Amino acid sequence: MARLATRLTERFGIEHPILSAPMALAAGGALAAAVTRAGGLGLIGGGYGDGDWLRTQYAAAGNIRTGCGFITWSLGKQPHLLGEVLAHRPAALMLSFGDPAPFAAEIASAGVPLICQCQSIAHVRAALAAGASVIVAQGTEAGGHGHARATLPFVPEVADLLARESPDTLLLAAGGIADGRGLAAALMLGAHGVLVGTRFWASREALVHQNHQAAAIAATGDQTVRSSLPDIARRLDWPKPFDIRVGDNAFIAKWRGRDAELLAAAESEGPAYREAFMAGDPDKAAAIYGEAAGLIADVPPAGEIVVRMVTEAAEQLRRGAGIAVQD
């Protein structure tokens, strides 16, 4: 099998420049461990913060080396969880959607690399000020929460900024990357690797209802939307400017343009939404996947996904090297 050696693989001691995203409630210990065993690095999703859930998922990962990620603004409400995770000596700690500065010193003292997911140049500068070892440039194509920048121009803009101002900091690309073409393209854009969500969300080890995975397989990238409606229904007070990309469905159609009305009815609508989500109803609750759904046709083991991506990327890069350039 081909290997793609980059500064990321060298620094983290991994075989392939692929990290699985710490997707809240979906990226458990089994998924993270499977990605690591395949030569990448798996991240457990700390999400909104549930100590019992985290302990269960670390037990599921066993002694396999993994990292963890938190939703930063939510971690601020339960900061003790950071210490609990750091006690597991994670390979990396990722923070997304909020100021990483309040947690940076504790992470650094533990000797754990800090990964910061960013959606704007301002976010990148804040992450660098906090001492981030790795920046994730997340494009709006990504499933789950994010913002407005597109992956294709955002990644090289961040690469240029890092080259000028922080050349030791590594860069990961995220958003719409689901196969070897995306991995190869990210490397050409100046990233040292990729953070992959939706493709691993549609894996056997992911803690995702099969009905939701089936909905993603049947969808095209056109059939996703960015919206605040799922967060309103779940009564999650997400800060601006973030919203969530999900599959477009009957729930979205019913409430589209009626955010204030849903907010007013959230006390009654919320329980029904949560029940539908847990039941895997892809119409009454939103399945959380990104535009990469249009590139996904199956639900294989996570390790197989890593192998496919690396093999395809190596072939793409070989083909590119063979392109004749005429002056």
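**Salt bridges and pockets**

Q: Which residue does arginine 199 form a salt bridge with?
A: In this predicted model, arginine 199 pairs with aspartate 298, and the closest N and O atoms are 3.2 Å apart.

Q: Where do those two sit in the chain?
A: They're in distant parts of it, 99 residues apart. Arginine 199 is in helix α10 (residues 198-201), while aspartate 298 is in the loop between α15 (266-278) and α16 (302-321).

Q: Is arginine 199 buried or exposed?
A: Arginine 199 is buried, at 5% relative accessibility.

Q: Which residues are in the network with them?
A: Salt bridges link Arg199, Asp298, Glu304 and Arg308 into a network.

Q: OK, and how many salt bridges are there in the whole structure?
A: A search of the whole structure turns up 14. Among them is one between the side chains of aspartate 52 and arginine 55, at 2.6 Å from N to O.

Q: Where are aspartate 52 and arginine 55?
A: Both are in helix α3 (residues 51-61). They're three residues apart, so about one helical turn separates them.

Q: Is aspartate 52 buried or exposed?
A: Exposed, because its relative accessibility is 53% and the cut-off for exposed is over 50%. Arginine 55 is partly exposed, with a relative accessible area of 43%.

Q: What about arginine 181, which residue does that one meet?
A: Its side chain meets that of aspartate 179 in a salt bridge, 2.7 Å from N to O. Aspartate 179 counts as buried, at 11% relative accessibility.

Q: Switching to pockets: what volume does the largest one have?
A: The largest pocket comes to about 1,100 Å³. It has 48 lining residues, and the closest to its centre are Met23, Ala24, Leu25, Ala26 and Ile288.

Q: Which elements give two or more residues to that lining?
A: The strands are β3 (67-71), β4 (93-96), β7 (144-146) and β9 (193-196), and the helices are α10 and α15. The largest share comes from α15, with four residues.

Q: What's the lining like by class?
A: For the largest pocket, it's 29 nonpolar, 15 polar and four charged residues.

Q: And what's the volume of the second largest pocket?
A: That one is about 260 Å³. Its lining has six nonpolar, one polar and five charged residues.

Q: Which residues line the second largest pocket?
A: Among them are Asp231, Arg235, Asp237, Lys240 and Asp243, along with Trp238 and Phe242. Ser228 is in that lining too.

How values were computed. Residues numbered from 1 in each chain as written. Predicted model: local features only at pLDDT ≥ 70, side-chain atom pairs only at ≥ 80, totals over all residues. Heavy atoms only, no water. Salt bridge = Lys/Arg side-chain N within 4 Å of Asp/Glu carboxyl O. Buried < 20%, exposed > 50% of the residue type's maximum accessible area, 1.4 Å probe, protein only. 1 Å grid on protein atoms, 1.4 Å probe; cavity = no way out; pocket = protein on both sides within 12 Å on 5 of 7 lines; lining within 4 Å. Points joined across faces, edges and corners; volume = space filled by probe spheres on them. Nonpolar A, V, L, I, M, F, W, Y, C, P; charged D, E, K, R; others polar.
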